[in-house]
Amino acid sequence: MNAFLAEVEKRAYHMARFAVADRDEALDIVQDAMLTLVRRYADRPADEWRPLFFRILQSRITDHHRRAAVRRRLFGWMPRRPGAADDA
């Protein structure tokens, strides 16, 4: 499992970084996807890990976008603080 995670780590980070445009959020998303794979699917055959992992990663990215949309709807009317990071 460790070798697999090391193999997909860089690609997963680049995918998440491109999708969410935030380095820290991308790292959190990749870490969460990796932990989910290890906790729920470590007993599966190794040839199933790649599609499972990238499906989990894509789901986490989608979840991030959904949460950001809800935040914009709920708090979009509030004035932005100077220097605040952009969610989009």
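Biologist: Where does Thr36 lie?
Modeller: Thr36 is part of helix H2, residues 23-41. Helices here are DSSP runs of H or I with at least four residues, numbered from the N terminus. This is a predicted model, in which local features need pLDDT of at least 70, side-chain atom pairs count only at pLDDT 80 or more, and totals for chains, interfaces and linings use all residues. Residues are numbered from 1 along each chain as its sequence is written, and side-chain values use heavy atoms, with hydrogens and water left out.

Biologist: Is Thr36 buried or exposed?
Modeller: Buried, because its relative accessible area is 9%. Buried means under 20%, exposed over 50%, and partly exposed in between, with a 1.4 Å probe and protein chains only.

Biologist: What is Thr36 in contact with?
Modeller: Leaving aside neighbours within four places in sequence, Thr36 contacts Tyr41, Ile56 and Arg60. Contact means heavy atoms within 4.5 Å.

Biologist: Salt bridges next. How many?
Modeller: The count is five, taking a side-chain nitrogen of Lys or Arg within 4 Å of a carboxyl oxygen of Asp or Glu.

Biologist: Which residue does Glu7 pair with?
Modeller: Arg50, with the closest N and O atoms 2.2 Å apart. The pair links distant parts of the chain, since Glu7 sits in helix H1 (residues 2-20) and Arg50 in helix H3 (residues 49-75), 43 residues apart. Glu7 is exposed at 52% relative accessibility, while Arg50 is partly exposed at 33%.

Biologist: And what does Arg44 meet in a salt bridge?
Modeller: Glu48, at 3.1 Å from N to O. Arg44 is partly exposed at 36%, and Glu48 is partly exposed at 29%.

Methods: Helix = DSSP H or I, 4+ residues; strand = E, 2+ residues; numbered from the N terminus.
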